[in-house]
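Below are some notes for a colleague who is about to work with this model. Please read them with the structure open.

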Amino acid sequence: MLIAVFSLAGAPGVTTLALALAGTWPEPEPVWMVEADTSGGDVATWWRLPVWPGVVDLAAASRSGQDHETVDTMACSQVLPGGLRVCAAPSTADRTAGAVGLLAQNPKVLKSDRVAVADLGRVVPDAASSALLEAADVAVLVASGDVAHLKRVREAAAGLRTRCLRLGLAVVDPSRSSAEISEAVGLPVWAKLPQDARTAAFLQNQGEVRRPHRRPLIREARALGRTLAEQARSTTTDPVDPTVARFLGEVP
Ligand SMILES: Nc1ncnc2c1ncn2[C@@H]1O[C@H](COP(=O)(O)OP(=O)(O)OP(=O)(O)O)[C@@H](O)[C@H]1O
Ligand SMILES: [Mg+2]
């Protein structure tokens, strides 16, 4: 299963949320957080890890057979001190963009034996971002709650939904209700992320918190994970919407 987490602009906390989601994934399947942000990764720097094994190795593995269904995820990842498995990217775009481009050509490697929570960074209408969004079972767009940001989301919403039908918002510190935002931008609000700098710092290895599972950001990430798991399950079990099926020519 592939869960995509991305933004359109700014730095609203995509990498932080992807770590929190993967770290609190509510279902029993194994999970990993994959940095597929073409502008480069942060996790290795934050956690003082080497960048290998990581996304460059995953991309190389994806090349060795264009129709790979599975890949040795252990050989392409490392484990953070708390136990979360991560597939980290080099910190610079020049070293990461090529690897993400390769992954985009064979995104099935992200749908192997583990749930992949993939940080796509800022999605722009390029081939790599589009292909990874299209491959996602469910996608979460992280947006700050300010008006300018939500206007950008509204303008992009229809185009994004053509790439991933199961698309929802995680809005950071919104001043309006979920229903109002949803109505205004045309996407469901799946999470309202609290400002929680201490937990964000904790996820970035920059500070300790007592009882992390009680922190507001972690609780919201866990609730969002439940929504995503439900959404992803319905992707695999729901029959195709009849209107869409007719449009696709699957119904006479
Ligand atoms: N919920 C939050 N509350 C407070 N601060 C946060 C929260 N989430 C993230 N931050 C802080 O915001 C900054 C950006 O976070 P992060 O790197 O996760 O964003 P990003 O969207 O991945 O950015 P980029 O596009 O540059 O990769 C960091 O300093 C992080 O500590
Ligand atoms: Mg990031």
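Predicted model: local features only at pLDDT ≥ 70, side-chain atom pairs only at ≥ 80, totals over all residues.

Is Leu49 buried, partly exposed or exposed, and why?

1. To take the question: Leu49 has 17 C-beta neighbours inside 10 Å, so it counts as partly exposed.

2. Leu49 sits in the loop that runs between helix 2 (43-46) and helix 3. Leaving out residues up to four places away in sequence, its contacts are Ala44, Gln78 and Ala88. Ser182 lies 133 residues from Leu49 along the chain, and the C-alpha atoms of the two are 39 Å apart.

3. Helix 4 covers residues 93-105, which is 13 residues. At 1.5 Å a residue, this helix should span 18 Å, and the distance between its end C-alpha atoms is 18 Å, so expectation and model agree.

4. The buried residues of helix 4 are Thr96, Ala99, Val100, Leu103 and Ala104. Around the axis they take up an arc of only 145°, which means that they lie on the same side of helix 4. The cover over these buried residues includes helix 3 (55-63) and helix 5 (127-135).

5. Eight strands form an open sheet with mixed pairing, in the order 3-4-2-5-1-6-7-8. Strand 3 (78-79) and strand 8 (189-193) are the edge strands, each pairing on one side only. As a general point, strands of a sheet pair through backbone hydrogen bonds, in either the parallel or the antiparallel sense.

6. Strand 8 pairs with strand 7 (residues 167-172) in the parallel sense, over four bridges. Two of the positions can be checked by eye: Ala170 is opposite Ala191 of strand 8, and Val172 has Leu193 of strand 8 as its bridge partner. Although strand 8 is an edge strand, it is mostly covered, with four of its five residues buried.

7. Ligand 1 is surrounded by 20 residues, of which the closest are Ala11, Gly13, Thr15, Thr16 and Ala200. Helix 1 (14-23), strand 5 (115-122) and helix 8 (197-203) are the elements that contribute two or more residues to this shell. By type, the shell around ligand 1 consists of nine nonpolar, seven polar and four charged residues.

Notes:
Residues numbered from 1 in each chain as written. Chains lettered and ligands numbered in written order. Expected span 1.5 Å × (residues − 1). Buried ≥ 20, exposed ≤ 12 C-beta atoms within 10 Å, placed from the backbone. Arc of directions from axis to C-beta. Contact = placed C-beta atoms within 7 Å. Pairing = 2+ DSSP bridges. Near = placed C-beta within 6 Å. Nonpolar A, V, L, I, M, F, W, Y, C, P; charged D, E, K, R; others polar.
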